[in-house]
Amino acid sequence: MGIKYLDEYRDVEISESIVQKIAAISKKNIRLMEVCGTHTMSIFRSGIRTLLPDTITLISGPGCPVCVTAQRDIDAFIELSRVDGVVLATFGDLMRVPGTKSSLQKESAAGSDVRIVYSPMDALEIAKKNPEKKVVFLGVGFETTAPTIAASILSAKEMGIDNFYVYSAHKLVPPALTVLMETKGVKIDGFILPGHVSVIIGINAYAQFFDQYKVPSVVTGFEPVDLLQAISMLVEQVETGKPCLGNGYQRAVTSEGNVKAQSVMRDVFEPMDANWRGIGVIPGSGLKIRKAFEPFDAQKMFNVETTDTKEPKGCACGEILTGLKIPPECSLYKKACTPTDPVGPCMVSSEGTCAAYYRYHDSD
Amino acid sequence: MCLAIPSKIVEINNNIGTLDVDGVKRKASLLLLEDPKIGEYVIVHAGFALHKIDESAAMETLKLLREAAAKVEQRH
Ligand code: SF4
């Protein structure tokens, strides 16, 4: 049995026809950036890169949440896992990210209580069942994830659970787009904007960015037809010289987004300046827990010290996240750095660009 | 991190939905949805339903794409 609204968007005939259209209209050499890590994986997995004409180069952006998490935050996670009585709950991708001296996986092997969860609600459940423990959930993700974590904090408050904490290292997508446009040495002719971030924030959230830069931008989903459709829309905009802010994911994304999720997110978090790996501090690009929810704020309730934070030597992750480099241009790629023995986060995360290249790129 | 597979709500219990994904049942919080109903298709992320799939938009997009595909076929 087919899955509704899925098989159709994997339709080979439709895909082929879009590829033919792209080939017919594409004249200029252009670079399109996919800003979402899940898009990166879908593009590689479906082989879309090999179907496109030579005029089109796809580059990956800063859309892997684990990859853009600052090294100082990674080190703080590791320190937190060492605190007596703490259970660290995290999405699995963070386990193997190398901090300056250790990783959560190593800490876990050494006796720390680190648990992989699928949802922040699972972490809340652990807190409920273990009142003598302090359960800290690592809040890493974009606007898709932030409301789920905000909802878990609201639930904790409602249920009177006082041993649940969140370390908020969330990042926001629109402020990062501006930085990408301003980065010297990176030419981006169009953006494939994230699908599920946009489900939450809506097309309107990009309006200010688009009005400022007038760069072709299309939101889309994760299936081959979605992605090809977005690429075709972008190529058309470039060729006709008429950039617009398009929605290629109308079955899931509206202009105003998920208003309820936005308000849950706003209730719990307020914007702050955030430090991105390889990019630095971007004004207003992070989320911190509001004062009213301070008892749930791990950064306030645990005073972990991180000194001597250093990014892995020789790792070009930062340049890869802004489109300045591609993984084969890193001297450690496939040599010192592999998925089994990763040096940087871009090789660890299933959504990291280096991991995607390693798995699917066989031409070098 | 993003699961793009549309899941159908088959049961609702105190803001927790039982979802069916191609025959496999799992639970997700419905706290972030406005007015969820049984039978609707939703997108799930980190244990939460985030959005209802707009069925008419899904069908409309497919129709347009099929028509475009048919046109390309004719030309070749
Ligand atoms: S290959 Fe490894 S060391 Fe090089 S940029 Fe990627 S993650 Fe960093």
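A residue is called buried under 20% relative accessible area, exposed over 50%, and partly exposed in between. Cys315(A) has a relative accessible area of 25%, so Cys315(A) is partly exposed. Cys354(A), with 9%, is buried. Please keep in mind that this is a predicted model.

Now the disulfides. A disulfide is a covalent bond between the sulfur atoms of two cysteines. The count over all chains comes to two. One joins Cys64(A) to Cys67(A), with 2.2 Å from S to S. That link is right-handed, with 70 degrees about the S-S bond. How accessible are its two ends? Cys64(A) is buried at 3% relative accessibility, and Cys67(A) is buried at 1%.

Another disulfide is formed by Cys317(A) and Cys346(A), whose sulfur atoms are 1.9 Å apart. The link of Cys317(A) and Cys346(A) is right-handed as well, with 130 degrees about the S-S bond. Cys317(A) is in helix H15, residues 317-321, and Cys346(A) is in helix H16, residues 345-348, so this pair ties together parts of chain A that are 29 residues apart in sequence. Cys317(A) and Cys346(A) are both buried. Counting bonded cysteines along chain A, the pattern is 1-2, 3-4.

On to the charges. How many salt bridges does a search of the whole structure find? Over all chains, the search gives 14. I will pick out a few.

Arg251(A) and Asp226(A) form a salt bridge, with 2.9 Å between the closest N and O atoms. This pair links distant parts of the chain, 25 residues apart: Arg251(A) is in the loop between strand S9 (245-247) and helix H13 (259-268), and Asp226(A) is in helix H12, residues 224-240. Are these two residues buried or exposed? Arg251(A) is buried, at 5% relative accessible area, and Asp226(A) is buried, at 2%.

Asp113(A) and Arg115(A) meet in a salt bridge of 3.0 Å, N to O. Here Asp113(A) is partly exposed at 24% relative accessibility, and Arg115(A) is partly exposed at 29%. Glu294(A) and Lys300(A) also form a salt bridge, with the closest N and O atoms 3.8 Å apart. Glu294(A) counts as partly exposed at 25%, and Lys300(A) at 48%. There is also a network of salt bridges that links Glu79(A), Arg82(A) and Glu107(A).

Last, the rings. Over all chains, the structure holds nine aromatic pairs. Phe91(A) and Phe137(A) make an edge-to-face pair, 5.4 Å centre to centre, with 90 degrees between the planes. Phe91(A) lies in the loop between strand S3 (86-90) and helix H6 (104-109), and Phe137(A) in strand S5 (residues 134-139), so the pair ties together parts of chain A that are 46 residues apart in sequence. Both of these Phe residues are buried.

Phe222(A) and Tyr249(A) are an edge-to-face pair too, at 6.3 Å centre to centre and 85 degrees between the planes. Phe222(A) is in the loop between strand S8 (217-219) and H12, while Tyr249(A) is in the loop between S9 and H13, 27 residues apart. Phe222(A) and Tyr249(A) are both buried. One aromatic cluster is formed by Phe44(A), Tyr357(A) and Tyr360(A).

Two lysines also belong with the rings. The charged end of Lys157(A) sits over the ring of Phe293(A), 4.9 Å from its centre. Lys334(A) lies over the face of Tyr358(A), 5.9 Å from the ring centre.

Methods. Residues numbered from 1 in each chain as written. Chains lettered and ligands numbered in written order. Predicted model: local features only at pLDDT ≥ 70, side-chain atom pairs only at ≥ 80, totals over all residues. Heavy atoms only, no water. Salt bridge = Lys/Arg side-chain N within 4 Å of Asp/Glu carboxyl O. Buried < 20%, exposed > 50% of the residue type's maximum accessible area, 1.4 Å probe, protein only. Helix = DSSP H or I, 4+ residues; strand = E, 2+ residues; numbered from the N terminus. Phe/Tyr/Trp six-rings, centres within 6.5 Å; stacked < 30°, edge-to-face > 60°. Lys NZ or Arg CZ within 6 Å of the ring centre and 35° of its normal. Disulfide = S-S within 2.5 Å.
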